[in-house]
Amino acid sequence: EQLQCNPINAGMVHSLDENVGRLMQSLEELGLTENTLVIFTSDNGGADYVDNPHKTSNAPLRDGKGSAYEGGYRVPLIVRWPGKVPAGTESSEPVSSIDFFPTFQAVSGQTCSPHAELDGISLLPLLLEQKPLGREALYWHYPHYHHGGASPHGVIRKGPYRLIEYFDGTPKELFHIENDIGEAVNL
């Protein structure tokens, strides 16, 4: 087990916490709390670089920011929408930030052009009725190198399986992440 030991990161998290509190307080003061959908998330996992003396722990997930593993992709997602999403509701349904745009469109009553091809889908069935999204798979394309050591890759998440294809010739990897969340056993 690795303890979090990065004082700079701790300061940033503290500042983020304070400012999310200020935002929520402003919504309350303006009387907008009941009519506002708030989504809190991150774009990637914590910095878990080999050469980083103050790296963060993503345990039990493998690796972190920029990597092809769950530690780079799996992030917190908190939704607050009073009167719509019951407090304390939890879901293990895999979603992605590409789903936010179609969700915001649905919430606002806007529709896409019939010619628009969106990668994401609206999260409203999941949020409002706790219904599975029925998505066949999630796909990610990471076409560049990352200073933390990651190489270009693509990832497919289908059910409990996670396939990683590296674009630099490294062999593909397949994991059953429900049984192996740390991605230790390449199937």
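Which residue follows H1 with a positive phi? It is Gly 31, whose phi lies near 70 degrees. Helices (H or I, at least four residues) and strands (E, at least two) are here DSSP runs, numbered from the N terminus.

Before going further, a word on the basis of these values. This is a predicted model, in which local features need pLDDT of at least 70 and side-chain atom pairs count only at pLDDT 80 or more, whereas totals for chains, interfaces and linings use all residues. Residues are numbered from 1 along each chain as its sequence is written, and side-chain values use heavy atoms, with hydrogens and water left out.

As for confidence, pLDDT is the predictor's confidence in each residue, from 0 to 100. The protein averages 88, and 92% of the residues score at least 70. Confidence is lowest in H2, with a mean of 88, and highest in E6, at 98.

I turn now to the salt bridges. By this term I mean a side-chain nitrogen of Lys or Arg within 4 Å of a carboxyl oxygen of Asp or Glu. The structure holds 6 of them. Glu 70, Arg 74, Arg 162 and Glu 183 are joined in a network of such bridges.

Consider the individual pairs. Glu 70 meets Arg 74 at 2.7 Å, N to O. Glu 70 also bridges to Arg 162, where the closest N and O atoms are 2.5 Å apart. That pair links distant parts of the chain, with Glu 70 in helix H2 (residues 70-73) and Arg 162 in strand E5 (residues 161-166), 92 residues apart. The side chain of Arg 162 in turn meets that of Glu 183 at 3.1 Å, N to O. Because Arg 162 lies in strand E5 and Glu 183 in the segment after strand E6 (173-176), this pair ties together parts that are 21 residues apart in sequence.

Arg 74, at 38%, counts as partly exposed.

Helix H2 also contains Gly 72, which is buried at 6% relative accessible area. Contact here means heavy atoms within 4.5 Å. Leaving out residues up to four places away in sequence, Gly 72 touches Asn 44, Gly 45, Arg 62, Gly 64, Lys 65 and Ser 67. By contrast, Gly 72 and Val 107 are 35 residues apart in sequence and 29 Å apart in space, C-alpha to C-alpha.

Finally, Ser 67 lies in the loop between strand E1 (38-41) and H2. Ser 67 is buried, with a relative accessible area of 10%. Beyond its neighbours within four places in sequence, Ser 67 is in contact with Arg 62, Gly 72, Tyr 73, Ala 150 and His 153. A polar atom of the Ser 67 side chain lies 3.3 Å from the backbone nitrogen of Tyr 69.

Technical notes: Buried means under 20% relative accessible area, exposed over 50%, partly exposed in between (1.4 Å probe, protein chains only). A polar contact is a pair of N or O atoms within 3.5 Å; within protein, one must be able to donate a hydrogen and the other to accept it, and residues adjacent in sequence count only if both atoms are side-chain atoms.
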